[in-house]
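These are my notebook entries on one structure. I set down what I looked up, topic by topic.

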Amino acid sequence: MELLAALDLFMGKVVRLTRGQIATAKVYSADPMATAKRWQEQKADALHLVDLDAALGLGSNFSVIQQLVRGVTIPVQLGGGIRSERAAREWLERGVARIVLGTLAMKDPACVGRLIEAFGPERIVVALDFSRERVVTEGWTRPTSVTVEEALSRFRDYGVRRFLVTAVERDGTLSGPDFHIYAELSAVSDVRILASGGISRVSDVVELKRAGIEGVVIGKALYEGWMTLEEIRRALAEEERRSIPSSDAERPSEA
């Protein structure tokens, strides 16, 4: 299971929001590179960078993101304010491992198909941020009439295989994930789901793995010290050991 450490940027600083409301921003660091390397040292599988200024149309953290992409050795997944096909292509060519497209994808689904054709499905993630079961766009400020399930089905037809599904009403609340929707989505064939929003305990991550989720984006729970990446890995390893049939677990390894 992929463990992605969230790193949200606002005015050059590392922040966390509650339910996407900028008024709730809490600054955790004025040194994004130090934060990124902290998660790298703690063996996060990737960084999940979000440019909040760009997402909200307030500016950009372009130079900071460039430094982070060059300065860390783990993959960087970037989202927030990528509103044109050209911008998406340029970030992928600059070394971002994956881009996350939300508003652009909803406005121009064919663009997603072209990006997949050019860069492959592994590097394109469609964000399905939802509130009350409906997808929201424009930095979570604009509701749509499209359900998460409808959007997932639509983008699967464009060749999208990986989705970042965020429960807006739970994001930053440490209230636990929306297990129901993740169980439903992970049962859809030919797609992989990254879960985000509300994760607060190690057991949440284990439960999401049992539901078939490919990876999790963890933010406030790491920054507030509710759990560590090491604790999660230990729990996932134990879960893996328990899932192995006893006859296989007891079988001596071959030389």
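I noted the ground rules next. The model is predicted, so local features need pLDDT of at least 70 and side-chain atom pairs count only at pLDDT 80 or more, while totals for chains, interfaces and linings use all residues. Residues are numbered from 1 along each chain as its sequence is written, and side-chain values use heavy atoms, with hydrogens and water left out.

**Entry 1: a negative patch**

I looked up where E133 sits, and found it in the loop between β7 (124-131) and β8 (134-137). Helices (H or I, at least four residues) and strands (E, at least two) are DSSP runs, numbered from the N terminus. I then asked which residues form a negative surface patch. They are E133, E149, E150 and E184. Such patches are made of residues with over 30% relative accessible area and no salt bridge, like charges being joined within 9 Å and nonpolar side chains (Val, Leu, Ile, Met, Phe, Trp, Tyr) within 5 Å. Lys and Arg count as positive and Asp and Glu as negative, whereas His and the chain ends are not counted. The place of a charge is taken as NZ of Lys, CZ of Arg, CG of Asp or CD of Glu. Accessible areas come from the Shrake-Rupley method with a 1.4 Å probe, and for residues only the protein chains shown count as cover.

E150 belongs to helix α7 (residues 148-156) and is partly exposed, with a relative accessible area of 44%. Its C-alpha atom is separated by 29 Å from that of L7, which is 143 residues apart from E150 along the chain.

**Entry 2: salt bridges**

I recorded the rule first: a salt bridge is a side-chain nitrogen of Lys or Arg within 4 Å of a carboxyl oxygen of Asp or Glu. The structure holds 23 salt bridges.

In one of them, E207 pairs with R210, the closest N and O atoms being 3.1 Å apart. Why are E207 and R210 separated by about one helical turn? They are separated in this way because they are three residues apart in helix α9 (residues 202-210). E207 counts as partly exposed, at 34% relative accessibility.

K209 forms a salt bridge with E240, with 3.8 Å between the closest N and O atoms. This pair links distant parts of the chain, for K209 is in helix α9 and E240 in helix α11 (residues 229-243), 31 residues apart. Both count as partly exposed: K209 at 26% relative accessibility and E240 at 39%.

I also found E230 bridged to R234, the closest N and O atoms being 3.3 Å apart. Both E230 and R234 are exposed. I noted as well that E85, R89, D108 and R114 are linked in a network of salt bridges.

**Entry 3: a buried lysine**

I turned to K220, in helix α10 (residues 220-223). K220 is buried yet has no salt bridge, and the nearest side chain of opposite charge, E224, is 5.7 Å away. Contact means heavy atoms within 4.5 Å. Leaving aside neighbours within four places in sequence, K220 is in contact with R16, L17, T18, Y28, G172 and L174.

I listed the buried residues of helix α6 (residues 109-119): P109, C111, V112, G113, L115, I116 and F119. They pack against α4 (85-93), β6 (98-101), α5 (103-107), β7 and α7.

**Entry 4: positive phi angles**

Most residues other than glycine have a negative phi. R19 counts as partly exposed, at 43% relative accessibility, whereas K43 is exposed, with a relative accessible area of 60%. Just after α6, G120 takes a positive phi of about 95°.

How values were computed: Buried < 20%, exposed > 50% of the residue type's maximum accessible area, 1.4 Å probe, protein only.
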